[in-house]
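Thanks for coming, everyone. Let me put the model up and walk you through a few places in it.

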Amino acid sequence: MQMINMFYEQLEDAKNRKVPFVIPIGTIEYHANHASCGTDTMVINGCLRELEKEKEIVICPPIWYGVASYAVCTPRPGHIHVDEDAYFNYIYCILKSMIYGGIKNIYCVPHHQTENAGLMPMTIACHKAAKRIAMEYMEETMGKGWWGSDAYASYYEDLGSEDDPFNYIKVIPLIGADAQKKCGGFDHAGKWETSLMMGTYPENVDLSRCEKNTEWFAASAVEASEELGKHMVACTLEWLREAIV
């Protein structure tokens with residue numbers, strides 16, 4: 001279900017049944033000459049589109065702009081960087097509205113600088129927002145000292161469960177570390193990411209433009225294929241089925 005198409009009663013029902021609410025977390029970023037600048041966000045959308053066919057989830061509106069940084073290129077059209085502090089505040093406000101609205105099963109799914117599921121500025125901002133909200137929400141609703149109260153004597157037994165307030169918001173990469181290995185590789189605008197894009201939005205890849213590429217990271221894009229992309233989507237879905245519950 002796409003959140004923007006849902007009526008209030010449907011959203012209330014999904015909230016009450018703790019259906020996963022999934023937020024695609026991407027960037028608008030330079031992907032050399034052969035792939036569109038929305039690649040990071042679009043591959044998330046494409047994979048969730050497939051997951052939605054077999055699993056009940058609420059797909060929230062994507063967060064297109066992100067902490068792109070200027071590591072991959074200098075400032076140019078189609079590369080939009082949001083400062084980490086501003087980004088954190090934006091994510092914080094979105095997640096806070098959802099938590100205070102009663103949604104307690106939220107997944108932030110980034111696809112940017114997530115090699116081996118590592119922590120980088122954009123992902124860290126999401127984790128920081130999630131943990132701050134959990135602390136503030138529990139203190140405001142349960143009072144100071146909530147964790148040390150007898151009401152939370154089962155905290156360690158509930159750790160990681162739906163009753164764990166620090167589990168209300170999960171931040172998971174689109175492709176987990178093991179899934180990346182199953183895919184065969186992981187990169188930026190090269191063979192692997194270009195293939196993933198071809199497996200989700202092939203119309204947004206034009207391999208004939210690879211001849212204009214000069215950067216090392218895009219050199220392998222000529223080896224990309226839709227067949228490999230479909231394989232990567234399958235590996236990603238296998239990971240997401242287990243990670244989103």
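A word of caution before going on. This is a predicted model.

Back to T114. Is T114 buried or exposed? The relative accessible area of T114 is 1%, so T114 is buried. Who are its partners? Leaving aside residues up to four places away in sequence, T114 touches T123, P173, Q180 and F186.

Now step back to the whole chain. How many helices and strands does the protein chain have? Seven helices and four strands. Read from the N terminus, the order is α-β-α-β-α-β-α-β-α-α-α.

What about overall dimensions? Along the principal axes, the C-alpha atoms fill a box of roughly 65 × 35 × 35 Å. The radius of gyration is 19 Å. A compact globule with 245 residues would have a value near 18 Å, so the chain agrees with that.

Of those 245 residues, 50% count as buried. Take the contacts with a separation of 6 or more: 75% of them join residues 24 or more positions apart. The accessible surface comes to about 11,800 Å². Carbon and sulfur atoms own 55% of that surface.

Next, a spot on that surface. Which residues make the nonpolar surface patch of about 290 Å²? W64, Y65 and I80. Look at W64 in particular. W64 is in the loop between β2, residues 58-59, and α3, residues 84-100. Its relative accessibility is 33%, so W64 counts as partly exposed.

On to charges. Side chains of opposite charge can pair when their charged atoms come close. How many salt bridges does the count come to? Eleven. I'll show you some of them.

First up, K18 and E162. Their side chains meet in a salt bridge, at 3.9 Å from N to O. K18 lies in the loop between α1 (8-16) and β1 (21-25), and E162 in the loop between α4 and β4 (169-171), so this pair ties together parts that are 144 residues apart in sequence. K18 counts as partly exposed, because its relative accessibility is 30%.

Next, R241 and E54. Here the N to O distance is 2.4 Å. Why does this pair tie together parts of the chain that are 187 residues apart in sequence? Because R241 lies in helix α7, residues 226-243, while E54 lies in the loop between α2 (39-51) and β2. R241 is partly exposed, at 37% relative accessible area. E54 is partly exposed too, at 46%.

Then a pair of sequence neighbours, R49 and E50. Their closest N and O atoms are 3.5 Å apart. R49 has 30% relative accessibility, so R49 counts as partly exposed. E50, at 25%, also counts as partly exposed.

Last stop. Which residues are linked with R17 in a network of salt bridges? D13 and E56.

To recap. W64, Y65 and I80 make a nonpolar patch. And the salt bridges include K18 with E162 and R241 with E54. That's my tour; over to you.

Conventions. Residues are numbered from 1 along each chain as its sequence is written. This is a predicted model: local features need pLDDT of at least 70, side-chain atom pairs count only at pLDDT 80 or more; totals for chains, interfaces and linings use all residues. Side-chain values use heavy atoms; hydrogens and water are left out. Patches are made of residues with over 30% relative accessible area and no salt bridge: like charges are joined within 9 Å, nonpolar side chains (Val, Leu, Ile, Met, Phe, Trp, Tyr) within 5 Å. Accessible areas come from the Shrake-Rupley method with a 1.4 Å probe; for residues, only the protein chains shown count as cover. A salt bridge is a side-chain nitrogen of Lys or Arg within 4 Å of a carboxyl oxygen of Asp or Glu. Helices (H or I, at least four residues) and strands (E, at least two) are DSSP runs, numbered from the N terminus. Buried means under 20% relative accessible area, exposed over 50%, partly exposed in between (1.4 Å probe, protein chains only). Contact means heavy atoms within 4.5 Å. The radius of gyration is taken over C-alpha atoms; the globule rule is 2.2 Å times the number of residues to the power 0.38.
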